[in-house]
Amino acid sequence: MKKLFIISLFLISVVNFAQTRFVTREIPAGQTIEMKDKKMFINNEQIPSYEIKKYLKDNDFKAYSLYTKAKNKSVIGGLLLGLGSVFIVSDAVKAMVTEGGNYPTAMTYIGAGLAGTSIFVLKGKNKKMQKAIDSYNNGLKTTSDLDNNFEASLNLVANQNGVGLRLSF
């Protein structure tokens, strides 16, 4: 019993550590994100979606919210597609197994409707994803324009009211 417990504990720990990500990549700030074939690249290096999500969360909230909306659309569309497929297949199997079973029933039509709806939900996912990346990249351009044209001066000013500092920008 003791050996079984130790072996099972060892196997559980191996499986647990197999799922963790030991190396986290540090994405340099201010780099543009490119989207090629539904994959994200920074400096021609493919970045996983979980790192892009973390990077956008830390740097640009508007782009992050658009990115999460696109990911949510993907999840909902996949759920609708899977559920519709299950309805269609289960109705077909039920008709094959039972004697004199009717096919198609309302369950098949509901499944077809869910699968059809998923196409439209999944179609908008890529547009939202591209909009999030464009929003982030446009934010970089406007920020860099501000940084290049920023002029500030600090002057010592004396007048009838006294002596003071004037900050102008």
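The briefing below covers the model, its fold, and selected local features.

This is a predicted model, in which local features need pLDDT of at least 70 and side-chain atom pairs count only at pLDDT 80 or more, while totals for chains, interfaces and linings use all residues. Residues are numbered from 1 along each chain as its sequence is written, and side-chain values use heavy atoms, with hydrogens and water left out.

**Confidence**
- The chain has an average pLDDT of 83, and 89% of the residues score at least 70; pLDDT is the predictor's confidence in each residue, from 0 to 100.
- Among the elements of the chain, α3 has the highest mean pLDDT (92), and strand β4 (residues 153–159) has the lowest (79).
- Where pLDDT is low, the predicted coordinates should not be read in detail.

**Overall fold**
- Four helices and five strands make up the elements of the chain; helices (H or I, at least four residues) and strands (E, at least two) are DSSP runs, numbered from the N terminus.
- Along the sequence, the pattern reads α-β-β-β-α-α-α-β-β.
- Of the 169 residues of the chain, 22% count as buried; buried means under 20% relative accessible area, exposed over 50%, and partly exposed in between (1.4 Å probe, protein chains only).
- Among contacts between residues at least 6 apart in sequence, 50% join residues at least 24 apart, a contact being heavy atoms within 4.5 Å.

- Glu51, Ile52, Tyr55 and Leu56 are buried in α2.
- These residues lie on the same side of α2 because they cover an arc of only 130° around the axis; the arc is that of the directions from the helix axis to the C-beta atoms.
- Lys54, Lys57 and Asp58 are exposed on the other side of α2.

**Aromatic pairs and a charge over a ring**
- The count comes to two aromatic pairs; rings of Phe, Tyr and Trp (its six-membered ring) pair if their centres lie within 6.5 Å, and planes under 30 degrees apart count as stacked, over 60 as edge-to-face and the rest as tilted.
- Tyrosine 55 and tyrosine 136 form an edge-to-face pair, at 5.6 Å centre to centre with 70° between the planes.
- This pair links distant parts of the chain, with tyrosine 55 in helix α2 (residues 49–59) and tyrosine 136 in helix α4 (residues 106–148), 81 residues apart.
- Tyrosine 55 is buried at a relative accessible area of 7%, and tyrosine 136 is buried at 4%.
- Phenylalanine 61 and tyrosine 64 form a tilted pair, at 6.1 Å centre to centre with 45° between the planes.
- Phenylalanine 61 and tyrosine 64 are separated by about one helical turn, because they are three residues apart in helix α3.
- Phenylalanine 61 is exposed, with a relative accessible area of 62%, whereas tyrosine 64 is buried, with 15%.
- The charged end of lysine 36 sits over the ring of phenylalanine 41, 5.3 Å from its centre; this requires NZ of Lys or CZ of Arg within 6 Å of the ring centre and within 35 degrees of the ring normal.

**Backbone in the loops**
- Most residues other than glycine have a negative phi, and most peptide bonds are trans.
- Lysine 38, in the loop between β1 (34–36) and β2 (39–42), has a positive phi of about 65° although it is not a glycine.
- Asparagine 44, in the loop between β2 and β3 (45–47), has a positive phi of about 60° and is likewise not a glycine.
- The peptide bond from tyrosine 103 to proline 104 is cis, with omega near 0°, and proline 104 is found in the loop between α3 and α4.
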